[in-house]
Amino acid sequence: MIEYRRLREFPDGMLERVAGWYRAAHWIAPGEDAGFLRPALLGSFLTAGAFDGAELVGIGRALSDGCSDAYIQDVVVSPERRGKGIGRGLIQFLTAELRRSGVDWIALVGEPGTEGFYRKLRWEPQAGFLMWKCPGE
């Protein structure tokens, strides 16, 4: 049975495992430094882990002001555990914890091809809104 809980500490072994998942998802290029992970996870309003016993099998985080708005990002599951509802559980856990904190506007940016996943969770695309990104220097 998968257990979902808040994470507040990120030992090196855990970060190496998560970095491998980020690489598998193509969020970190092969050979690219994953040193940003610890400050990113620690700096998030909420970071959650999915555990099968003592084994971490998925992770997700949310950025928030803690009172009104939040953005869920970086939900990733161990490649060998995908398709078993763990990502859904992480989204549901993050959403419930955010609402418990009083956050009532929760959004995320999904990768192309994930529309069906989020629709099954009853998330709604926001027609008329555009994602904007600052250009690199």
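A pocket is an open set of points on a 1 Å grid over the protein atoms alone, where a 1.4 Å probe fits and protein lies on both sides within 12 Å along at least five of seven lines; lining residues have an atom within 4 Å of a point. This is a predicted model, with local features needing pLDDT of at least 70 and side-chain atom pairs pLDDT 80 or more, while totals for chains, interfaces and linings use all residues. Numbering starts from 1 along each chain as its sequence is written, and side-chain values use heavy atoms, with hydrogens and water left out.

**Second largest pocket**
- Of its 25 lining residues, Trp27, Val75, Glu111, Thr114 and Tyr118 are the closest to the centre.
- Strand E4 (69–77), H3 and H4 each give two or more residues to this lining; helices (H or I, at least four residues) and strands (E, at least two) are DSSP runs, numbered from the N terminus.
- E4 makes the largest contribution, with 7 residues.
- By type, the lining splits into 13 nonpolar, 6 polar and 6 charged residues, with Ala, Val, Leu, Ile, Met, Phe, Trp, Tyr, Cys and Pro counted as nonpolar, Asp, Glu, Lys and Arg as charged, and the others, Gly among them, as polar.

**Largest pocket**
- The largest pocket has a volume of about 1,000 Å³.
- It has 26 lining residues, and the closest to its centre are Leu108, Trp123, Glu124, Pro125 and Gln126.
- At least two lining residues come from each of helix H3 (86–100), strand E5 (105–108) and helix H4 (115–120).
- This lining holds 14 nonpolar, 5 polar and 7 charged residues.

**The sheet**
- 5 strands make an open sheet of mixed pairing, ordered E1-E2-E3-E4-E5; strands pair if DSSP finds at least two bridges between them.
- Strand E1 (2–6) and E5 sit at the edges, each pairing on one side only.
- On average, neighbouring strands are turned by 25° against each other, direction ignored; axes are lines fitted to C-alpha atoms (for helices, over the stretch in contact), and angles run from 0 to 180 degrees between N-to-C directions.
- Strand E3 (residues 55–64) pairs with E4 in the antiparallel sense over 6 bridges, and arginine 61 has glutamine 73 in E4 as its bridge partner.
- The hairpin of E3 and E4 has 4 residues between the strands, and glycine 66 there takes a positive phi near 85°.
- E4 also pairs with E5, in the parallel sense over 4 bridges; aspartate 69 has tryptophan 105 in E5 as its bridge partner.

**Helix packing and salt bridges**
- Helix H1 (residues 12–24) lies across E3 and E4, at about 80° to E3.
- H3 packs on the sheet and touches E1, strand E2 (46–52), E3, E4 and E5, its direction making about 155° with that of E4; contact means heavy atoms within 4.5 Å.
- The salt bridge count is 8, a salt bridge being a side-chain nitrogen of Lys or Arg within 4 Å of a carboxyl oxygen of Asp or Glu.
- Arginine 6 forms a salt bridge with glutamate 97, the closest N and O atoms being 3.1 Å apart.
- Arginine 6 is in strand E1 and glutamate 97 in helix H3, so this pair ties together parts 91 residues apart in sequence.

Conventions: Points joined across faces, edges and corners; volume = space filled by probe spheres on them.
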